Amino acid sequence: IHTDPLHLLQLPTSNQLTTYTCMIINNMIAITLSALAFLAASPTHASEEQAQAQATAKKPLVRIPMHKVSDHEYVNRFLIRERDALLNLQSSESKMDGIATPRKLNALRGGKDESEIIKDYANAQYYGVVKIGSPPQEFQVIYDTGSSNLWVPEKGCVHCGYRLIHGGKNKYDKDASESFVEDGTEFAIQYGSGAVSGVFAEETITLAEDIAVEGQKFATIHDAAGMGIGYAFGYFDGILGLGFDSISVGGVETVFHNAIDQGLVEKPMFAFYLGDNADGELTFGGYDEDKFVGNLEWVPLSDETYWRIDLDEIKMGDFVVGKTDAIVDSGTSLIVGPTNAIRSIANKIGASPTITGQYTVDCETLDSIPDITWTISGKEYTVAGKDLTIQSGGMCIFAMIGMDFPKPGPAWILGDVFMRKYYTVFDYDGARVAFAEAVSSF
């Protein structure tokens with residue numbers, strides 16, 4: 001039986017066609033509305049994901065170039081200080097003991113009204129840029145782990161350099177900054193040759209281009225006589241302390257501590273790479289693995305004032321010191337130790353004392369100077385004898401000096417001579433430092 005398929009197909013009536021058409025149109029409208037809703041929601045969803053990604057993204061390391069004063073200029077400054085000391089001797093014999101004997105530095109005890117001698121910066125060799133205010137005003141500062149305040153000279157400052165020497169000092173102008181907040185509390189530090197005084201203010205402090213610390217209390221200096229001739233001839237305008245709040249004059253929270261609190265750094269760490277006869281680098285927010293070889297060796301701090309550590313032993317030839325302590329100090333170029341210990345070492349290598357308390361050595365005998373080794377947490381750190389001098393123009397200055405620190409001050413200071421050899425990481429929250437052999441800067 002043949003059946004015509006057309007006979008089996010039942011065509012819809014006109015009413016059914018109308019119903020089907022309405023259903024199709026309604027479905028198309030629903031689909032269109034869903035698509036529009038999705039498209040409208042997508043940008044918001046994407047922006048939320050971007051915001052979350054930005055919040056969780058690692059902050060990059062922030063790097064500040066550290067410029068080095070040449071050995072030639074260092075020696076020239078040394079000669080100027082020697083000349084001035086001789087002139088002072090000639091003018092008053094009563095000053096002889098105060099000049100000829102090594103200086104004594106007091107440990108800064110802290111507290112709002114206490115600000116005793118901490119150091120001088122005549123031997124400082126490294127400095128870098130900091131920016132203050134809005135718009136930013138640029139200053140060259142010593143990034144100093146041996147102190148905790150930030151200060152720069154203010155407009156109208158006296159004893160703040162001379163225009164004929166390096167073009168003079170950069171001076172902070174509060175009237176040129178939109179972010180200046182007046183404080184007015186007096187600030188003073190007593191150095192070996194006199195006081196440095198000014199007042200506190202609050203500002204935005206910018207490290208490199210990325211770390212803008214808001215509401216930072218710092219000091220504007222109106223008299224820097226206490227810095228002496230070393231300040232006039234130095235390339236730096238001020239000091240940025242990287243120590244702990246406990247030794248800050250006025251109990252002021254440090255710039256780096258505030259940077260941590262404001263979430264501006266990836267890790268609560270900074271690290272120094274000091275170039276040997278070349279510029280170096282200061283890194284905030286962590287450390288740069290390309291700047292050292294081997295592994296970092298971590299050492300706990302003995303207290304959170306200066307970056308102070310215990311030493312197991314110091315050995316240089318047949319000179320040996322047992323358990324003692326030291327601070328790791330980027331603001332001191334030399335190795336500093338007790339006067340008697342440095343005198344003993346100097347006598348053994350044939351160094352000659354100078355009127356300022358430093359020593360010179362015969363440049364022809366550098367190869368005979370023994371290496372010095374510090375044992376720290378069971379690991380030995382050695383600096384070659386020939387690297388214990390700063391030389392230029394036939395003069396070689398011994399890079400160790402004697403100073404006596406009253407208790408609770410440290411016995412030794414490991415300054416730039418040590419830090420040039422060993423890449424140094426400072427862990428603020430972890431209260432520890434780390435050392436590793438620095439890569440050569442040549």
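A: First, some terms: buried means under 20% relative accessible area, exposed over 50%, and partly exposed in between (1.4 Å probe, protein chains only). Strands (E, at least two residues) are DSSP runs, numbered from the N terminus. This is a predicted model, where local features need pLDDT of at least 70, side-chain atom pairs count only at pLDDT 80 or more, and totals for chains, interfaces and linings use all residues. Residues are numbered from 1 along each chain as its sequence is written, and side-chain values use heavy atoms, leaving out hydrogens and water.

Q: Okay, why is strand β20 largely enclosed?
A: Because five of its five residues (372-376) are buried.

Q: Which way do they point from β20?
A: Ile372, Trp374 and Ile376 point one way, while Thr373 and Thr375 point the other way.

Q: Which strand does β20 pair with over five bridges?
A: That is β21 (residues 379-383), in the antiparallel sense; two strands pair if DSSP finds at least two bridges between them.

Q: What does Lys291 meet in a salt bridge?
A: The side chain of Glu281, at 3.6 Å from N to O. They sit ten residues apart, with Lys291 in the loop between β10 (280-284) and β11 (292-300) and Glu281 in β10.

Q: Are those two buried or exposed?
A: Both Lys291 and Glu281 are buried. They also belong to a salt-bridge network with Arg63 and Asp288.

Methods: Helix = DSSP H or I, 4+ residues; strand = E, 2+ residues; numbered from the N terminus. Salt bridge = Lys/Arg side-chain N within 4 Å of Asp/Glu carboxyl O.
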